[in-house]
Amino acid sequence: MISANNVTYRVGKKALFEDVNIKFTEGNCYGLIGANGAGKSTFLKILSGELDTTNGTISVTPGERISFLVQDHFKYDEYQVLETVIMGNKRLYDIMKEKDAIYAKADFTEEDGVRAAELETEFAEMNGWEAEADAESLLNGLGVETEHHYEQMANLDGNLKVKVLLAQALFGSPDILLLDEPTNHLDLNAIEWLEEFLINFENTVIVVSHDRYFLNKVCTQIADIDYGKIRLFAGNYDFWFESSQLLVRQMKEENRKKEEKIKELKEFISRFSANASKSKQATSRKKALEKIELDAMVPSSRKYPYIDFRPEREIGNDVLMVEGLSKTIDGEVILKDVSFMINRTDKVAFVGGNERAKTVFFQIINGEMEPDEGYYKWGITTSQSYFPKDPGKEFDNDITIAEWLTQYSEIKDATYVRGFLGRMLFAGEDGVKRLRVLSGGEKVRCLLSKLMISNANVLILDEPTNHLDMESITALNNGLLKFPGVLLFTTRDHQIVQSTANRIIEFMPDGTIIDKMGTYDEYLAADMSAGKRMIYTTNEDDESND
């Protein structure tokens, strides 16, 4: 067990959380959730001992080992892969190194023999003889092939490094496992393996993730950071969401009933306080009135934008024809003879590890880049609005948000434009913010405002969930589900793809495509090798993910 006892943590004058009391027990997987900046990663660091509390203490059952996912991808560059994994159990690794040093001595003494025997005993008790086999099993499960096991960490690419560091955290069945965004940079096969590992893990797990699909699969409880507190909810992410919304509704309804009672009592007191025959009743109601207290509605740190895409014009049968598109950049084949037709009911998710191909394709059909061969043609009833992966120069100027959005609106009325900004949480003074100073999340919300105000019937979105918190991702998911037009999109959010797409187009490493009707999960189930080609990476968020 690990617990926080009256824990407060302050950054300057701001308290991320205050007087937190919470216990994490064996056999449970806790999803630690909260808005950007709420303190998720900070709380994991406090539990691991990396950060000290401002007040309060962290208690761990004596003798229990804490393991956590290291975020520094270069920390172990001088070590071999297998060695790096075993270092996840520091005591076992130290024993191995000390044993090796003793046996390597030229002048082996009697004292060395006694010490070696002690170490061998402890080594055996810790299942040290199985350490390499266990480490290899973890690496293989996560998709790190045997050929890499004796390589230097410095020679691995970023995705493989993350898998090795995850294997290190999992190594040796730690008593308490702390994971901060463990699915980043993993292909779907590795994510599925990790899900099964955590589902069957018998000790304590505390995980931070923006992946709702993952949290639903592995979590038995949700630890919600909000209102400066941490509250536990039994169940997975979806159950937490329903429960938290229900609690808020119940509190509002209870306050509404109390307000009605207060109004009723005040009216009676006002009418009969001067009436001698009713004075006792008026006095009684005054006492009752004094006892009624409204529940304090503390403002949540969570804010849900309202995303609603409404096409101005209904789309016709002819949407998009793509014929023989090919593109080579700097000698690399990006697209190779790509052909397909988009129909009026299509919601198409473009998937696969070939991320450059998806972006180049979107740039071509939006007129930002010319193909080397082939062509595309939009139907005459279509109107397109494009969310680029890298907005680049779009925000590299000093005009205000309101001025920027007005140029994309047919209606130039300031109140009308600010209404769209308000839906995306740019309230009041935020409308006069300059584009150049916006954070990553603010830029994304601006681009989504642009899509809404365009009233287009075809939306093209290239990784719109980058930099968004879970509340905004949920709002975007809901907005896409309601959209009646055509969707062409790519995203790393499994739940958005699964719930929204009715057609999957995968860009292969050689620039060709696989085109299938059906949901994402159906596509993956039909092609067992597809999971290895789906690599989910996450850009660093410009906004704090604490």
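Start in the middle: pick out Leu 179, Phe 309, Leu 448 and Leu 461. These four touch the most other members of the largest nonpolar core, which has 98 residues. Keep in mind as you look around that this is a predicted model.

Stay on Phe 309 for a moment. Which residues is Phe 309 in contact with, leaving aside its neighbours within four places in sequence? Show Leu 448, Leu 451, Met 452, Leu 459, Leu 476, Gly 479, Leu 480, Phe 483 and Pro 484, and you have them. Apart from that core lies another one, of 27 residues; to find it, select Val 338, Val 360, Ile 364 and Ile 505, which are among its members.

**Next stop: helix 15**

Select residues 470-482. This is helix 15, with 13 residues, and from its first C-alpha to its last it reaches 18 Å, close to the 18 Å expected at 1.5 Å a residue. Is helix 15 largely enclosed or largely open? Ten of its 13 residues are buried, so the rest of the structure largely encloses helix 15. Colour the buried ones if you like: they include Met 470, Ile 473, Leu 476 and Leu 480, and also Glu 471, Ser 472, Thr 474 and Asn 477.

The phi of His 467 is near 75°, a positive value in a residue other than glycine. At 19% relative accessibility, His 467 counts as buried, because the cut-off is under 20%.

Then select Asn 455, which sits in the loop between helix 14 (440-454) and strand 16 (458-462). Asn 455 isn't a glycine either, yet its phi is positive, at about 55°. With a relative accessible area of 21%, Asn 455 is partly exposed.

**The first sheet**

Switch to cartoon view. Look for six strands forming an open sheet in the order 5-6-8-3-9-10, with mixed pairing. At the edges stand strand 5 (66-68) and strand 10 (229-234); each has a single partner strand, so one side of each is left without a neighbour in the sheet. On average, neighbouring strands here are turned by 20° against each other, direction ignored.

Zoom in on strand 6 (residues 176-180) and strand 8 (residues 204-208): they run parallel, and five bridges join them.

Now bring in the helices. Helix 6 (residues 158-170) lies across strand 5 and strand 6, running at about 160° to strand 6. Helix 9 (residues 237-272) packs on the sheet too, touching strand 3 (29-34), strand 9 (221-226) and strand 10, and its direction makes about 115° with that of strand 10.

Select strand 18 (residues 503-507) alongside strand 19: five bridges join them, and they run antiparallel. Arg 503 has Met 517 as its bridge partner in strand 19.

**Last stop: confidence**

Colour by pLDDT. The protein's mean is 89, and 96% of its residues reach 70 or more. Over residues 538-545, though, pLDDT stays under 50.

Note on methods:
Residues are numbered from 1 along each chain as its sequence is written. This is a predicted model: local features need pLDDT of at least 70, side-chain atom pairs count only at pLDDT 80 or more; totals for chains, interfaces and linings use all residues. Side-chain values use heavy atoms; hydrogens and water are left out. Two strands pair if DSSP finds at least two bridges between them. Helices (H or I, at least four residues) and strands (E, at least two) are DSSP runs, numbered from the N terminus. Axes are lines fitted to C-alpha atoms, for helices over the stretch in contact, and angles run from 0 to 180 degrees between N-to-C directions. Contact means heavy atoms within 4.5 Å. pLDDT is the predictor's confidence in each residue, from 0 to 100. A nonpolar core is a set of buried Ala, Val, Leu, Ile, Met, Phe, Trp, Tyr and Cys residues joined through side-chain atoms within 4.5 Å. Buried means under 20% relative accessible area, exposed over 50%, partly exposed in between (1.4 Å probe, protein chains only). The expected span of a helix is 1.5 Å times one less than its number of residues.
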